[in-house]
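Me: I have a structure open and would like to learn how to read its features one at a time. Could you walk me through it?

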Amino acid sequence: MEVRDNTHSGHAVAHDVHDHGHDDHHHDHHQTFITKYIFSTDHKMISKQFLVTAIIMAFLAMGMSMIFRLQLAWPDETFPFLESMIGKWGKDGKLDSGFYLALVTIHGTIMVFMVLTGGLSGTFSNLLIPLQVGARDMASGLLNMLSFWFFAASSLVMFGSLFIEAGPASGGWTVYPPLSALPQAIPGSGLGMTLWLVSMVLFIVSALLGGINYVATVINLRTKGMSMTRLPLTVWAFLITAILGILSFPVLVAAALLLVFDRSMGTSFYLSDIFIGGVPLDHTGGSPILYQHLFWFLGHPEVYIVLLPALGLASEVISTMARKPIFGYKAMIGSMLVIAFLSFIVWGHHMFVTGMNPFLGSVFVFTTLLVAIPSAVKVFNYIATLWKANIVLSPAMLFAIGLVSFFITGGLTGIILGDSALDINLHDTYFVVAHFHIVMGSSAIFGMFAGVYHWFPRMYGRMMNKSLGYLHFWITIICVYGVFFPMHFIGLAGVPRRYYANTAYEGFDQLININELISVFAIIAGVAQVIFAFNFFYSIYRGRKAPQNPWNSNTLEWTAPVEHVHGNWPGPIPEVHRWPYDYSKPNAKEDFIPQTVPYSQTPESNRPGDF
Amino acid sequence: MMITLLLGTLVVIRLMSVSQMASVLSGEDEDVAQKRDNSMNSIGLMLFMVVGLALMIYMTIKYQPFLLPVAASVHGAETDFLLNINFAVIGVVFFITQIMLFWFVYKYQHDKNRRALFYPDNHKLELIWTVVPTIVLSALIVTGLREWNKMTQGHPDDGMVVQVYGYQFNWITRYSGPDNKLGRSYYKLISDTNPLGIDYSDPASKDDIMTKGNEMHLPKGVPIQFIFNSRDVIHSAYFPHFRTQMNCVPGMDTRFYMEATITTNEMKGITKNEKFDYVLLCNKICGVAHYNMKMTVVVDEPAEFSNWLKGEKKVIDAAPTAELEQNNTTASTVNTEVAL
Ligand code: HEM
Ligand SMILES: [Cu+2]
Ligand SMILES: [Cu+2]
């Protein structure tokens, strides 16, 4: 198993995974600013690049949500600052109804793809896969670097699309044709939509380059003794996520490509029998529903691409901070595999009211509700891990607990939506908005926060401020529940999503109070993120120097030096002798035994099944 | 936004001093949670859980009148019953799991002198909590699918055929008349005077009635077979009170069978709201005025309904003679069956 390791200084270092005596990494090579911070091929630097880009994009998307929440809560007010901020779209302090849709669209796209897919997987797969499996770097540093730069380009194009004359794409983050195919139907479907498609294709290239690299690294570059059943659950989660991405993202490319053809070459994949702008179009024979099948064939796996890394991070944080082995390690892996498999055969639950054959609908009901079983197993395992634990409540642990709470709340409403007979009345209402913001948005963001607080010492060699972390957690969890829980009520009352104002029907008038409440929470939540940003950037420069293993954790990354070195470990790569969850083992000297400690050194705590 | 920024800066300045204070006050590894942090935060979590669950119950009760408006269709009453069963089941699971989650965190706070229980797995437990959810979910699947089959398997010739036609940004309804058949239509025939593109050469179109004005009438107690179409982009015909929704897709027919059970007048009494009206909303993003794409729906007693319908003009009576005479040979039905 010879692996070529092309490092940025140009020399190729071959190292054999099974031969750890041999390490010829030179640490004397000099790096320029450009090779170190910009075109870096070091996974630790790339991870930080992903994280910082994602944080910037997240603030942008959050800002958008604050603007549209103002509109939803106070539809009759004017906000003069809007005009100075967004110009013609906020004329006289009134948000333009077309631009409202653009904001919702770009908010959703950035959050789902740039923040929770690129940001979450990109940051933590990059940081943790090599460090936790015991590799010098990713299988290919070059592809890894390209993965980041495609991601950056994609983010830039998406950002740039905000500034064009006709406005950015505005057909919703799912961009269903014909709306997204016809500029006559909505202004955002002109150049804005073209840029959206360009950005997404760049994004998919990034996701694929990253994904194959993650898989290759986990499969090939594990250190001696790191069998698959000794991998931390984080790495399992990243591996499965990467596989999901590799299998599903290409389908989105296909969907996007056919849309491009329909938009610019007069084909009729998605279009048929359309009369718009006073004239009939020539397109005939296509089906808009085909697009939805292709989109959701990616779209549903995508929600797990977002969620699984967060669950992986939470597993690791919970076990470490509870000072207790994760309950049911194998069941956790098994349920992730089952979820991953099932996630490919449930996409139709997004399409129950498209006129789908009712029998086909029944099949999707069945597969959809099956997903709830492995999800439930995961929740029970988390709770069992906490039972009789010895819990240290670091900010990361609080966020991980928040994640489990959201996963329960949002997963349960999925059971209702997965029931086609009930979904008819709830589809595209705020009930769905509540469901996926809680189960996907909030869970995954909380997983990301848990990851940042927990591994910040490993990323930057410094600690984040604990008190600010607590403050951030408390404001955020209260506000997130405050924003999304009441949306269930609005949805049950029958309010459709993506409405610029709920003025069409008098029956909705009584709900304005709830909308105001939601918006107040949303604005506070947004402001609270400034605390996080401050803590993050301040700690990079001024945080307390991190100790070697601040959380007394078992995994390999905490054996690498605090000051990053190229190749991760200055000497030989450590060897692994046990699984990562030997916390609070009876009779052991301390309440944790790192993976690098051989059983021969711990006769007092060894158990019959250990070898 | 100004206020937000201002608040933001204030908060940050305030917090900088908090963090500095914290560093002064405490000792060495102060960015790792201490005993005090554990107890404060776990008390916080308990409070959060108790207050949160209480508020949830309170809000559910308080907003009861607006949640799920009274169902006014046959299947709607049944799905509401099903929905409530589902809510009961997930409610129980929700309470049990959330309480355990927060309670354990509170109960098992860190203590230097204690070790956690080394308890990596228990196959029996895991089997139990795989099998029990499976059984519960199977029950939900079976009841859900039974209802789904019932509501989707209308016979194609059943019920009064009514077309609901969406376009940016309004709705048109067409009644099929005594023959209970809609005349063919084709999108290239659409004009100002023939907004549905009806092919007048089709005899089935002779008795079709298209309603003017922004109002749609339905008879109470008569099964209705809706046929949905769209002229431009996807719309979704959503009748919240009837628990009915179906996408309107250009180039394709979609259908839904339902029966209204409560007239508008009766509903005014039930809701104690003189101004009550049923509504048809567009529930698929379709353009800038999506939020305004609605139609008032009136449910009448069957006799009232017939009277109202008699007062409406037939499509051919409203059509200009030029169009009537144009015997269009290109016209064809657009009857795409949905493939499996
Ligand atoms: C217990 C498991 C779950 C079930 C049974 C379930 C079921 C559903 C169903 C049926 C819908 C479609 C609702 C509609 O549009 O009418 C839906 C929407 C959605 N779900 Fe889930 N879900 C589950 C878990 C998740 C998870 C774990 C995530 C993300 C990590 C997620 C993310 C989403 C998203 C993003 C949407 C809406 C997308 C959109 O329309 O914009 N769901 N879910
Ligand atoms: Cu899905
Ligand atoms: Cu619409």
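**Reading the sites and pairs**

Reply: Let's start with one residue: B:Asn283 counts as buried because its relative accessibility is 1%, where buried means under 20% relative accessible area, exposed over 50% and partly exposed in between (1.4 Å probe, protein chains only). Before going on, note that this is a predicted model, in which local features need pLDDT of at least 70, side-chain atom pairs count only at pLDDT 80 or more, and totals for chains, interfaces and linings use all residues. Residues are numbered from 1 along each chain as its sequence is written, chains are lettered from A and ligands numbered from 1 in the order in which they are written, and side-chain values use heavy atoms, with hydrogens and water left out.

Me: Where is B:Asn283 found, and which side chain does it join in a polar contact?

Reply: A polar contact is a pair of N or O atoms within 3.5 Å; within protein, one must be able to donate a hydrogen and the other to accept it, and residues adjacent in sequence count only if both atoms are side-chain atoms. B:Asn283 sits in the loop between strand 9 (278-282) and strand 10 (294-300) of chain B; helices (H or I, at least four residues) and strands (E, at least two) are DSSP runs, numbered from the N terminus. Its side chain makes a polar contact of 2.9 Å with the side chain of B:Gln245. A polar atom of the B:Asn283 side chain also lies 2.9 Å from the backbone oxygen of A:His427.

Me: A:His427 is in chain A, so let's go there. Which residues come nearest to ligand 1?

Reply: A residue is near a molecule if one of its heavy atoms lies within 4 Å of it. There are 21 residues around ligand 1, and A:Trp173, A:Val303, A:Asp423, A:His427 and A:His435 come nearest. By type, the shell holds 11 nonpolar, eight polar and two charged residues, counting Ala, Val, Leu, Ile, Met, Phe, Trp, Tyr, Cys and Pro as nonpolar, Asp, Glu, Lys and Arg as charged, and the others, Gly among them, as polar. Helix 8 (288-322), helix 11 (395-417) and helix 13 (430-460) of chain A each give at least two residues to this shell, and helix 13 has the largest share, with five.

Me: Which side chains approach the oxygen atoms of ligand 1?

Reply: One is A:Trp173, with a side-chain N or O atom 2.9 Å from an oxygen atom of ligand 1. Another is A:Arg497, with a polar side-chain atom 3.0 Å from a ligand oxygen.

Me: What about charged pairs: how many salt bridges are found over all chains?

Reply: Side chains of opposite charge can pair when their charged atoms come close. A salt bridge is a side-chain nitrogen of Lys or Arg within 4 Å of a carboxyl oxygen of Asp or Glu, and the whole structure has 16 of them. One of them joins A:Lys466 and B:Asp37 at 2.7 Å, N to O. That pair crosses between chains, from helix 14 (residues 466-492) of chain A to helix 2 (residues 35-62) of chain B. A:Lys466 is buried at 8% relative accessibility, and B:Asp37 is buried at 9%.

Me: Which residue forms a salt bridge with B:Asp80?

Reply: B:Arg243 does, with the closest N and O atoms 2.7 Å apart. B:Asp80 lies in helix 3 of chain B and B:Arg243 in the loop between strand 6 (235-239) and strand 7 (244-248), so the pair ties together parts 163 residues apart in sequence. B:Asp80 counts as buried at 13% relative accessibility, as does B:Arg243 at 2%.
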